[in-house]
Amino acid sequence: MSLFATKPINQIVAEASETGTHTLKKTLTGLDLTMLGVGAIIGTGIFVLTGQAAGKHAGPAVVISMILAGIVSAFAALCYSEFAASVPISGSAYAYGYGTLGEFIAWIIGWDLILEYAFGAATVAVGWSGYVVSFLKDIGINFPPAFAAPPGQTVTLSDGSTVTGIFNLPAFLIAVAVTFLLIRGIKESATFNTLIVIIKVLVVVLFIVAGIGYVNTSNLGIGCGPGDPGCAQFMPFGFTGVVTGAAVIFFAYIGFDAVSTAAQEAKNPQRDMPIGILGSLAICTVLYILVAGIMVGLVDYKLLTNAAAPIAVAIDEAVKVSAGTTMGAVLAAFPFIIKVGAVLGLSSTMVVMVMGQPRVFYSMSKDGLLPEWAAKVHPKFRTPHVTTAITGAIVAILAGFVPIGLLGELVSIGTLFAFVIVATGIIILRSSNPALNRPFKVPLSPFVPIATVLSAAYLMNSLPLDTWIRLIVWMSIGLVVYFAYSYNHSRLGKVSDAEANVETPAGYKPPIAAMLAMVLAIALTIWQVWGAAWIEVAVRTFAWFVTGTLVAVLMYGKGDRSGGRNPKTRQLGLIASLLNLAAWAAITYWFFVHYAELHAK
């Protein structure tokens, strides 16, 4: 089956080494890449979603949620580092999947990455809007609340009255501004990002240093007994809530993934990519854990549930406690400083997020899976200006019209799914191409990749069912696009059979560890959601079963694996994908119109 034809790794590496006016410019150092990672990771997650995760899901145990999310990210970061150092090309998980799991699964990853980067950037834009409106209010400028919220969202004013959102104008405008910056040049964008990262890291450190002395252990449920006045329960929603909190805030950790999309623009990717990926993750994980602990120690976690600026809320409490002291006078200026830092910091996060998506489009277009115009590079700035403009437009529209909660959950599930594919690809590539130059290797393989699959699956299964349904519908749309356009236009389909899969050794045997990871993921899903409503079990199990089946067919199927195209395969694929989309559209309608209402009652 040509659906699973893999792109030769040596061809991918050769493309990464190309030079000329139609290629991306190699300007980024290890420091630039690390700063890009920090710029993406320290953003909406720490400034916005941490408070929501604590208030709605984990309570004071949000600290454990941070640790869990950090562990899953560490496993995945090791897998990304091996790929990025060995196959240094734009496209991130898409390019890695093309070289290991085949074109069909690579397309699925590329389509999935749109959720991660475009929706992720929109999430950050909405968070930026919340902070900038709050900042403007502090300096005496009251921005119209109806134009700072998506349509239909109710906004409660300080006097208790409410207004209905029309359009989130600040979120729209920041998306447009970041797009213009990225079209101007990657080095200029990286320099801007580095300056802003320094500022926002200083803000985060200041919050830690200033707030730690005013932590009320009763807010953490420490040093007091159940029922004592002001004594919080450390894990009010149980361990399930802690895991759900980790899944929700997982969005915050995807910056290292965005670093891998810039591999083709790194000066020395074999050395610098692992440094940028692992270094940024290590720095930010420590900061996240400290900030989360101090935040829920300063203020009752319930007050953070709907806070647009939870760090500012926590500092306000510290100001009250320290009133009349020298430190109190110093802390009084902190809410203003933190909001300025958040506004600048979220701007740099958007730079990295919007930067990632066009480079995935660039790689997909170079492979023929998207139209040629998607690979156009600006003759002067050497950036993928067409896809950057398109991405920016999509981000701006999403940011203006969609609520932040929905965006964040979709980004998290898309990212976790990409982690599953990358980890599986590492296992397969170790067997299918043992001679590949690997400047960095995942330690304890295949155990670390299997742990990546299982930990990502565990967090995915903790996300709401409606998020799963939206992911499946999005993927169903992607399948229609693939069979309608990409299957016939693929450049791999135009190479001779002799050129396809030339790197697979004669004695290759499919690694059992890859299938073991899929089987364990399915078993984990059944165990994790067993006892829930039948549709909860059915939808999640279906998604994992399909993923496992694709991997099994790829590894053990006897069909044609050449790059050639078969008109019957395209016709059958298009019909099947259209029927699949229609079925899931009906399921989605039934779920949101009927099941969700009955469940709410």
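In this predicted model, the side chains of Arg-470 and Asp-466 meet in a salt bridge with an N to O distance of 2.5 Å. Both residues lie in helix H18, 4 residues apart, which is about one turn of the helix. Arg-470 counts as partly exposed, because its relative accessibility is 27%.

**Salt bridges**
- Salt bridges that share partners join Glu-82, Arg-430 and Arg-438 into one network, and the count for the model comes to 5 salt bridges.
- Asp-300 and Lys-302 form a salt bridge at 3.9 Å, N to O, where Asp-300 is partly exposed with a relative accessible area of 29%.

**Helices H18 and H20**
- H18 has 25 residues and reaches 35 Å from its first C-alpha to its last, close to the expected 36 Å, and bends by about 50 degrees at Tyr-482.
- H20, covering residues 534–556, reaches 31 Å, close to the expected 33 Å, and its buried residues include Arg-540, Trp-544 and Met-555.

**Second largest pocket**
- The second largest pocket has a volume of about 710 Å³ and is lined by 32 residues, of which Phe-104, Ile-108, Leu-479, Val-546 and Leu-550 lie nearest its centre.
- Helices H6, H16, H18, H20 and H21 each give two or more residues to this lining, and the largest share, 9 residues, comes from H20.
- The lining divides into 25 nonpolar residues, 7 polar and no charged.

Notes
Residues are numbered from 1 along each chain as its sequence is written. This is a predicted model: local features need pLDDT of at least 70, side-chain atom pairs count only at pLDDT 80 or more; totals for chains, interfaces and linings use all residues. Side-chain values use heavy atoms; hydrogens and water are left out. The expected span of a helix is 1.5 Å times one less than its number of residues. Buried means under 20% relative accessible area, exposed over 50%, partly exposed in between (1.4 Å probe, protein chains only). On a 1 Å grid over the protein atoms alone, a cavity is a set of points where a 1.4 Å probe fits but cannot get out, and a pocket is an open set with protein on both sides within 12 Å along at least five of seven lines; lining residues have an atom within 4 Å of a point. Grid points are joined across faces, edges and corners, and a volume is the space filled by probe spheres set on the points. Ala, Val, Leu, Ile, Met, Phe, Trp, Tyr, Cys and Pro count as nonpolar, Asp, Glu, Lys and Arg as charged, and the others, Gly among them, as polar. The bend at a residue is the angle between axes fitted to the seven residues ending there and the seven starting there. A salt bridge is a side-chain nitrogen of Lys or Arg within 4 Å of a carboxyl oxygen of Asp or Glu.
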